[in-house]
Amino acid sequence: MNKEEVEQYIKEAYPSFDLKLLSLENKLVDLLEFYRKERSELFGAGDFRPGTIGRMISSLIAVRFFLNNTTEFIKSENWDEIFQEKFTPSPFKGNGYFGHFKDIDVQIRFNLYHQFYHQLETTQRIICRKLELKERKKPIERVNDLTGSFPEEFIEYFEAVRNTIHNNGYYQPVSKNQRNEFTYELPPFSLSFKENERIELGMDETLFTIKQLIEYLEHMLKHPDIEKIEITTDKN
């Protein structure tokens, strides 16, 4: 990427990403408000249910902050010179190459995805411990057997994306429960997974995945068996 390509991409793409992130943030804020108003005893006690929502909001804010500051950075007339001086290795300074911005973009997506994945898993481990769900399955599967909140095809897809992140974008199933090939529909997107092939996970697909996750998460947290769990201090 050269200077002009970086500027065009950021100016065109980042405002759209920011609006979508803000929309997700608002959905989570509404859910947090539910706990503040309807379950204030949980909200004030550091319980894991509102705590889960709060940390997910923080993850979205962090990404929006980064997008905003990157956008502001390239508004400077000589941002390319500043970037090369501060961040380009000495042998390559002044070569006009800015492909590193692609990796910055990848890091945004991967970090955002992992933040939501890890927070969901942390929450589900708390639930498994409190409700003594001890079957030899992953936490998301054990909790889902109880609540039915996550469609089976979403769980497969959600785990597969994490697999590709750990394998430089390539899908390499390691469990006998993981299919060698399948396609997941995220209207208007679809992602195809095939063993040892790279998937095309962009920011739009990542944000749509998180949107689905939030919808299923709300159903899980408001399930009667989850709501009745005693106040349990969050892990933060």
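Predicted model: local features only at pLDDT ≥ 70, side-chain atom pairs only at ≥ 80, totals over all residues.

Reader: OK, so what does Ile-82 touch, leaving out residues up to four places away in sequence?

Author: Phe-73 and Ser-76. Ile-82 belongs to helix H4, residues 79-87. Helices here are DSSP runs of H or I with at least four residues, strands are runs of E with at least two, and both are numbered from the N terminus.

Reader: Is Ile-82 buried, exposed or partly exposed?

Author: Partly exposed, because its relative accessible area is 28%. The classes are buried under 20%, exposed over 50% and partly exposed in between, with a 1.4 Å probe and protein chains only.

Reader: And how far is Ile-82 from Ile-229?

Author: Their C-alpha atoms are separated by 53 Å, and the two residues are 147 apart along the chain.

Reader: What comes just after H5?

Author: Glu-132, with a positive phi of about 55 degrees although it is not a glycine. Glu-132 sits in the loop between H5 and H6. It counts as exposed because its relative accessible area is 58%.

Reader: Which other non-glycine residue has a positive phi?

Author: Asn-196 is one, with phi near 65 degrees. Asn-196 is in the loop between E2 and helix H8 (203-221), and is partly exposed at 47% relative accessible area.

Reader: Now the strands. How do E1 and E2 pair?

Author: E1 (residues 181-186) and E2 (residues 189-194) are antiparallel, over six bridges. Strands count as paired if DSSP finds at least two bridges between them. Tyr-184 has Leu-191 in E2 as its bridge partner, and a hairpin of two residues joins E1 to E2.

Reader: Which peptide bond is cis?

Author: The one from Pro-187 to Pro-188, with omega near 10 degrees. Pro-188 is in the loop between E1 and E2.

Reader: Last topic: pockets. How much space is in the largest one?

Author: About 350 Å³. On a 1 Å grid over the protein atoms alone, a pocket is an open set of points where a 1.4 Å probe fits, with protein on both sides within 12 Å along at least five of seven lines, and lining residues have an atom within 4 Å of a point. The volume is the space filled by probe spheres set on the points, which are joined across faces, edges and corners.

Reader: What lines the largest pocket?

Author: There are 17 residues, with Glu-141, Ile-155, Glu-156, Glu-159 and Asn-177 nearest the centre. H7 gives the most, six residues. The lining splits into four nonpolar, four polar and nine charged. Nonpolar covers Ala, Val, Leu, Ile, Met, Phe, Trp, Tyr, Cys and Pro, charged covers Asp, Glu, Lys and Arg, and the others, Gly among them, are polar.

Reader: And the second largest pocket, what volume does it have?

Author: About 220 Å³. Helix H5 (residues 100-130) supplies the largest share of that lining, three residues.

Technical notes
Residues numbered from 1 in each chain as written. Heavy atoms only, no water. Contact = heavy atoms within 4.5 Å.
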